[in-house]
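Colleague: Please put the model on the screen, as I would like to ask what stands behind the words we use for it.

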Amino acid sequence: MRQYRVSIDDYIYEFPAGLVEPGEEFHEAAVREMHEETGLTFHPLKVDPCYEKPFFTTIGLTDEACSAVYGWCEGKISRKYLEESEVIEVVLADREEAKRILKEENVAIMCSYHLMHFIHDEEPFAFLK
């Protein structure tokens, strides 16, 4: 998705994401966040835990860690569930658009790595096997 972020005063391409709520498991948070930010229903894949364990993001500044949840979506894109402060555009990109995004746009690091897999791997989820 393409989202406006105040911290850079610009738009950036990133994946739907958010904090895990108390008592919530991170796969549940992924399903919830995908629905809130895109309107789509997310179906997580069962993968080896080494691919989705929390990894640290900017350890020099914070102890924040992020997990990636892989899966597929269905449904209709909708802005109905966005928070009032969120400025989000859902983007469905083919390989050519993914290349353009990497060359020309602001892209979050986790998103950039997965776009690279998408562009170059015959099967984008092959690395999960």
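Colleague: Which residues of α3 are buried?

Modeller: The buried residues of α3 are Cys 111, Ser 112, His 114, Leu 115 and Ile 119, where buried means under 20% relative accessible area, exposed means over 50%, and partly exposed lies in between, with a 1.4 Å probe and protein chains only. This is a predicted model, in which local features need pLDDT of at least 70 and side-chain atom pairs count only at pLDDT 80 or more, while totals for chains, interfaces and linings use all residues. Residues are numbered from 1 along each chain as its sequence is written, and side-chain values use heavy atoms, with hydrogens and water left out.

Colleague: What covers the buried residues of α3?

Modeller: Their cover includes β2 (10-13) and α2 (95-104), and contact here means heavy atoms within 4.5 Å.

Colleague: How do you know that the span of helix α3 agrees with its 12 residues?

Modeller: The expected span of a helix is 1.5 Å times one less than its number of residues. Helix α3 (residues 109-120) should therefore span 16 Å, and its end C-alpha atoms are 17 Å apart, which agrees. The name helix is itself a matter of definition, for helices (H or I, at least four residues) and strands (E, at least two) are DSSP runs, numbered from the N terminus.

Colleague: What places the buried residues of α1 on the same side of that helix?

Modeller: The residues in question are His 27, Ala 29, Ala 30, Glu 33, Met 34, Glu 37 and Thr 38. They cover an arc of only 150 degrees around the axis, which puts them on the same side of α1; the arc is that of the directions from the helix axis to the C-beta atoms. As background, an α-helix has 3.6 residues a turn, so residues three or four places apart point the same way. The buried residues of α1 pack against β3 (41-44), β6 (71-74) and β7 (88-89), and the helix is followed by Gly 39, whose phi is positive, near 85 degrees.

Colleague: Why does Glu 33 count as buried?

Modeller: Glu 33 has 9% relative accessibility, and since the limit is under 20%, the word buried applies. Glu 24 stands at 19%, which is also under that limit, so Glu 24 counts as buried as well.

Colleague: What makes the pairing of Glu 24 and Arg 32 a salt bridge?

Modeller: A salt bridge is a side-chain nitrogen of Lys or Arg within 4 Å of a carboxyl oxygen of Asp or Glu. For Glu 24 and Arg 32 the N to O distance is 2.8 Å, and for Glu 33 and Arg 32 the closest N and O atoms are 2.9 Å apart, so both pairs meet the definition. The structure holds 11 salt bridges, and another of them joins Lys 129 with Glu 123, at 2.8 Å. Salt bridges that share partners also join Glu 21, Glu 24, Arg 32, Glu 33 and Glu 36 into one network.

Colleague: What are Lys 129 and Glu 123 called, exposed or partly exposed?

Modeller: Lys 129 has 71% relative accessibility, which is over 50%, so Lys 129 is exposed.

Colleague: How do you know how compact the protein chain is?

Modeller: The chain comes to 3 helices and 7 strands. Its radius of gyration is 15 Å, close to the 14 Å that the globule rule gives for 129 residues, so the chain is as compact as a globular protein of that length. The radius is taken over C-alpha atoms, and the rule is 2.2 Å times the number of residues to the power 0.38. Of the 129 residues, 26% count as buried.
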